[in-house]
Amino acid sequence: VVTVGMVQAQQASRLVRVANMRDNGQGMLPVDSSHVLYKDNSRGINGTEYQYIQYLEGKTSCDTIVGFAYLSGNWQTGMHYQMTYDANGRLAMHHWLTPSGTGGALVSYQRVSFTRDGAGNITKELREQWNNNSNAWENYSQKLNEYTNNNLVKQTRQMWYNNAWANEQLAEYTWNGGLRTEYYFTSWNHMTGALYGKNKSVFNYNGSGHFIQVLVQDYDNNSSTYKDKSREVHTVDASGNILRTLSQSWNSGTSLWEDKSDLRFTFDSRGLNVRDTFETWDDVNSVWKPSLTYEYTYDDSGNNLDYVLQLWDTDSVKYIPNQKISQDWNSYNQLTRYHTYRWNKTTQVWEQVVGDYNNRYYYELYTPVPGSVRTQQMAADIKLYPIPAGDVITLKISAEMQHDFTVRITDM
């Protein structure tokens, strides 16, 4: 039994500025920059969260992002983002503002508001756009979510059309013991009401609850039944890591599954994905054809340092480097640098060319407010091995922040 208690929260680190540069053919030049602002010490985000901030659906944890765009050699006011939170520290509204013309004053552009149930699940996501002519917010789209035991069972996406809500997409989920087993998807043309498509996905698991297959079926209007279309079959290890994904399509003429692609994953002793190999099936010669690989390297904390794309070269009959992304991290395991490179076949070196990026992330230290959202997110990942142990035992604690810990190990 391992008991870990936090004695005193020390300083944490949070993102305050992002600077993005891009090679436009004249060298690496500024593109845009963002300043991340906080009203107090109750929240903070990192660079990785910032990259996906528009897709977190209510999980953002900052107050304002002030954007600037570098145009014609000058910094201009860019897109701004304002976040509003409820009494429980959960995102209630995401508000976009944009300049009215180059260098113009900020005006409202779009906002998304979130309605939640007692468990904090988002039941409604309403997106509105600002009408400059009427100076009022107008409905644009909404997602309506329904839950059973905190599992999403139904999501309806609607568009505002002719002063009424019109269905566009419907997703329905079936669960068994906390595992998603079925997914039904229906889509319509929200302007005409015509049915676009209807399909179904069936998810299978092994005895350990690890995901091993997804079967996709399309709805056949003539027979009013779902018919096989494609499937992905996963080979997993004892930890549930996917070692192989075999993609196949159903041939209704032969009533057989036909191979299409094969994706294999390699993991190191730490359980980190170090290589992906992708091959496609050659129907003519009935062989697997090499296509591409991704290779990943990590630091001692498991942060991804590089991932390299290599493409198969039929002339040299080997993989040739193509693109690389390099990342740096600080002592708080937060992203500080994101660079892209291309491989020069002639000089055999990595270099930055037109279209490549050089992004930097800057942080500040702060002391989280006790009981705040950020403090609640400080749960540690604890690993104790081997079990059972002999004379030596290893305890590894990975946490988002630096803390003082009290550790008690009890021999049962």
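1. Let's start with confidence. This is a predicted model, and pLDDT stays under 50 over residues 373-380. For that stretch the model has 25 contacts beyond four places in sequence. Residues 1-7 also stay under 50 in pLDDT, and the model has 25 contacts beyond four places in sequence for them. For the protein chain, the average pLDDT is 88, and 85% of the residues score at least 70.

2. Now for the charged side chains, where the count comes to 16 salt bridges. One of them joins Asp 218 and Lys 229, whose closest N and O atoms are 3.8 Å apart. This pair links distant parts of the chain: Asp 218 belongs to strand 14 (residues 211-220) and Lys 229 to strand 15 (residues 225-236), 11 residues apart. Asp 218 counts as partly exposed, at 29% relative accessibility, and Lys 229 counts as partly exposed too, at 45%.

3. Have a look at Asp 262 next. Its salt bridge with Arg 244 has its closest N and O atoms 2.9 Å apart. Asp 262 lies in strand 17 (residues 256-267) and Arg 244 in strand 16 (residues 242-251), so the bridge ties together parts that are 18 residues apart in sequence. Asp 262 also meets Arg 264 in a salt bridge, at 3.1 Å from N to O. Arg 244, Asp 262 and Arg 264 are therefore linked in a network of salt bridges.

4. How accessible are the members of this network? Asp 262 has 2% relative accessibility, so this residue counts as buried. Arg 244, at 23%, counts as partly exposed, and Arg 264 is partly exposed with a relative accessible area of 39%.

5. Aromatic rings deserve a point of their own, as the structure holds 16 aromatic pairs. Among them, Tyr 219 and Tyr 226 are edge-to-face, 5.1 Å centre to centre with 70° between the planes. Both count as partly exposed: Tyr 219 at 25% relative accessibility and Tyr 226 at 23%. The pair of Trp 312 and Tyr 319 is edge-to-face because the planes stand at 75°, with ring centres 4.9 Å apart. Here Trp 312 is partly exposed at 28%, whereas Tyr 319 counts as buried at 18%. Elsewhere, Tyr 173, Tyr 183 and Phe 185 form one aromatic cluster.

6. The charged end of Arg 43 sits over the ring of Tyr 85, 3.5 Å from its centre. The charged end of Arg 17 sits over the ring of Tyr 362, 4.3 Å from its centre.

Technical notes. Residues numbered from 1 in each chain as written. Predicted model: local features only at pLDDT ≥ 70, side-chain atom pairs only at ≥ 80, totals over all residues. Heavy atoms only, no water. Phe/Tyr/Trp six-rings, centres within 6.5 Å; stacked < 30°, edge-to-face > 60°. Buried < 20%, exposed > 50% of the residue type's maximum accessible area, 1.4 Å probe, protein only. Lys NZ or Arg CZ within 6 Å of the ring centre and 35° of its normal. pLDDT = per-residue confidence, 0-100. Contact = heavy atoms within 4.5 Å. Salt bridge = Lys/Arg side-chain N within 4 Å of Asp/Glu carboxyl O. Helix = DSSP H or I, 4+ residues; strand = E, 2+ residues; numbered from the N terminus.
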